Structures are given as structure tokens and as C-alpha cells.
Amino acid sequence: MQIKLIFSLKNSMRKKNKIAIFPLLFRTQEINRLYKSIEYFGLHILNKNSEVLKNSIFTFRLVPEYFKLNLRDTTFKSKIIPQHNWGYSILLNTSDSIDTYMQRQFNSKKRNILKRYIKRLESCFNVRYRMFYGDISSADYNFIMQSLYTMIIDRFKERNETHKNLFEWQVLVESTYQKILNKEASLFVIYNEDEPIEISLNYHFDKILFSYISSFNIDYSKFGLGHVEIYKQIEWCANNGYKLFEMGVGGMDYKRRWSNNIYRYNHYVIYKSSSVQSKYKAQLIVMKIQFKEYLKSKRLNEIYPKINRYLTKKQDKQSNIMLSEIKVINDLKSVNIKEIQQYSTDEYRFLNKYIYSFLYTTTSHINDIKIYKYNDEHSFLIKGVNSYQKVIFNA
């Protein structure tokens, strides 16, 4: 089924690029022709017989070190260059549940904090969780992918950064739908009613789920949706006999906290050992890769991003916003205010982050609050069953 593309993207985002992650790499013809089998953590994957290789040199980057790749043709040789990139994943035992993994990974205080995110989210909203794997309608797919794109733009705009995967967005949109139907990819979605508030685009390979791109609605920041997503996806993995929940390259704090399997990536150069020309070209490629990794080891690749962040740093827009303390309801004087009957419309969407923060702090449900507007046009009142809070936007 052909997917109608509904995104308006800049030309730079339309650039075709091969996405360098192993769940996609290991399905390519090159890998199938080169390697008779792939091994990881006691599991063994046999590749089907394939055509004879025509090329004499191949290179593959960002291959996790826990994979063992077994060549078909012994006349090919491999040069493996360790990369200065670290990966983070969650390795599950056969008997694991989400509870047994949490028990093993976190102390009781941390477990309570993480579970509180889930309890608060489900107490404040009408939440449901959905994994689209093997079946999804064209309409659902387009809606979810558009929502994910919007979340990424909003979140990285708030951080004054650009998401590194946006240039390949068109490739993702065009290729992912069929992969979901083929059970090579999935979309995990957390909904508030019918609104996606957190989305993870995943790739699947054997017993590995790779969380490739995920984002959330920044209005719900208080609820730790990133942690909720990881918790629920680990639960799905454990329930479906998966071995690894992969979070990929990059040492974000949340990855370090959740991971029990931190590993290094390798860059593979495979060449025909019987060919002098192939050996010479492979040696040049290896030297180039080693030099690049040396520069990365000296962190020279981080200079430009740091300069760019400094130059694009903006004044915090929240500095002109004041929140009163949350007070008990008997202190409320409802003079000079008017109730907003439809505060969920686009006109008042800017209030959402303050409303949701109030819900989180007071453990109120969204159906139990009312929003009022003061006559000065710059102030609003969030009123729950037992408490209230004033939001003041300075002109």
C-alpha cells in the first residue's frame, strides 16, 4: 500500500542516506552474501545461501562488539577497527519480567521513582499503550509519524538544537510502513485519549528491539515519559521472549541508568586476501578510519557542536512567566475571573504545560480541573478539586 506523505520538509531532509544501524544492515544482501551466520549472547542466526560476491572490499560501521560475524568465503579477511562510540542496551534473561529486571537494576528508591511516573501518568490522564507491530492502517501510520515529527521539532527547538536524523526523515517515512507490516519495525505509542504523547520508532532483528527514534510532547515533561516508554517496551520485550532492548549509540544519562550492557562499536573492513589490489585499498581505508577514530578520541568532533550551541543560545522564554504556590481551595477568591469552557483548543494550548504540571504535583485527574481567566488578560487560574494555582504571563 502506498503511503501518502504529509510532511513539508526542507531539501536537506530529502537527502537519501543509508541508515547505519545493525537491524537494517544485517538484512542487506551484502551481509547475507558475506556471512554464513551471526552470533550474539548464545543465539545463532543462519543466513540463507546467496549469490557469489562480485566486489572485493566492503566496509560496515557501527557494528556492536557483542556480534560475531562468520564469513562464508575464507579467501576474505576482516580488519576490525574499534570505534570511539559506545552503545547502551538492556540484556534480558530468559526468565525475566519487567519487575525482576527492575529489581536487579535499581535500588528500591529508584524503582519507586520510576514507578511513580507511571502511576502519576495513569492517575492524571486516560492513558493507553499501543505497539504497532505487524499491523497498522495507512491513516494511523501517517498520523503517528506526523505526531513524532512535530514532537522532535518542538523538543529540539526548546533545546536550541537540531535532531541528527531529520535529514533522513523522508527515507524513514517511505520505508517504515512496509517494515512494520513485515515485522521488521514497530511504533510504540503512549496515548492520552486519542492524542499520542510519546512515540518510539523501533527496528527489530531476531530477538532484539532497537529503539531508533523516540520523542514526547514537551507539555508532559513532568511525567518522565521517556522512562515510561522504556519501562513499557522492556515489559513488551520480556513478554515476547526478546533478548535485548537496544538504545544504540550515545551516552545520555537515562541510557546509562537503564543499561546493564554497555559496549563498544566496531568498524569492519572486509577484503579479498588473494588480491594485491584489494589488500592495498583495504589498508588505505583502514588508515583513514583509524585517523578519524583518533580525532574522535581527542574529542575534536565535539568542537563544532559546542560552538554552534553557544552561538544559537537564546534567552529562556520562561523568565517572564510566574507561577504562584499551589494553595488549598478554601483560600480561593473567585472575583474578576471567568471560566474558560474549552481550554483544550489551540487558542489556549500554551497553558498545557502548566496545567499538566499542576496535575502531576496535585495528583489530580484532567477531568476534575477547571481553568479561569482573569480580567487583566495576562493571568489564569488552574483549579482542581482541593487546590488551585495562578499562572501570570508578564506583558
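Okay, let me start with a term: a residue is buried when its relative accessible area is under 20%, exposed when over 50%, and partly exposed in between, using a 1.4 Å probe and protein chains only. What we have here is a predicted model, where local features need pLDDT of at least 70, side-chain atom pairs count only at pLDDT 80 or more, and totals for chains, interfaces and linings use all residues. Residues are numbered from 1 along each chain as its sequence is written, and side-chain values use heavy atoms, with hydrogens and water left out.

So, the overall picture. The chain has 395 residues, and 44% of them count as buried.

Now, a residue to look at: Ser-89, which sits in strand S5, residues 76-91. Is Ser-89 buried or exposed? Ser-89 is buried, because its relative accessible area is 0%. Leaving out residues up to four places away in sequence, Ser-89 touches several others, including Leu-244, Phe-245, Met-247 and Tyr-263, where touching means a contact, heavy atoms within 4.5 Å. Asn-261 is also on that list, and its side chain makes a polar contact with the side chain of Ser-89 at 2.8 Å. A polar contact is a pair of N or O atoms within 3.5 Å; within protein, one must be able to donate a hydrogen and the other to accept it, and residues adjacent in sequence count only if both atoms are side-chain atoms.

Last stop, helix H9, residues 276-297, which is where you'll find Tyr-280.

Methods: Helices (H or I, at least four residues) and strands (E, at least two) are DSSP runs, numbered from the N terminus.
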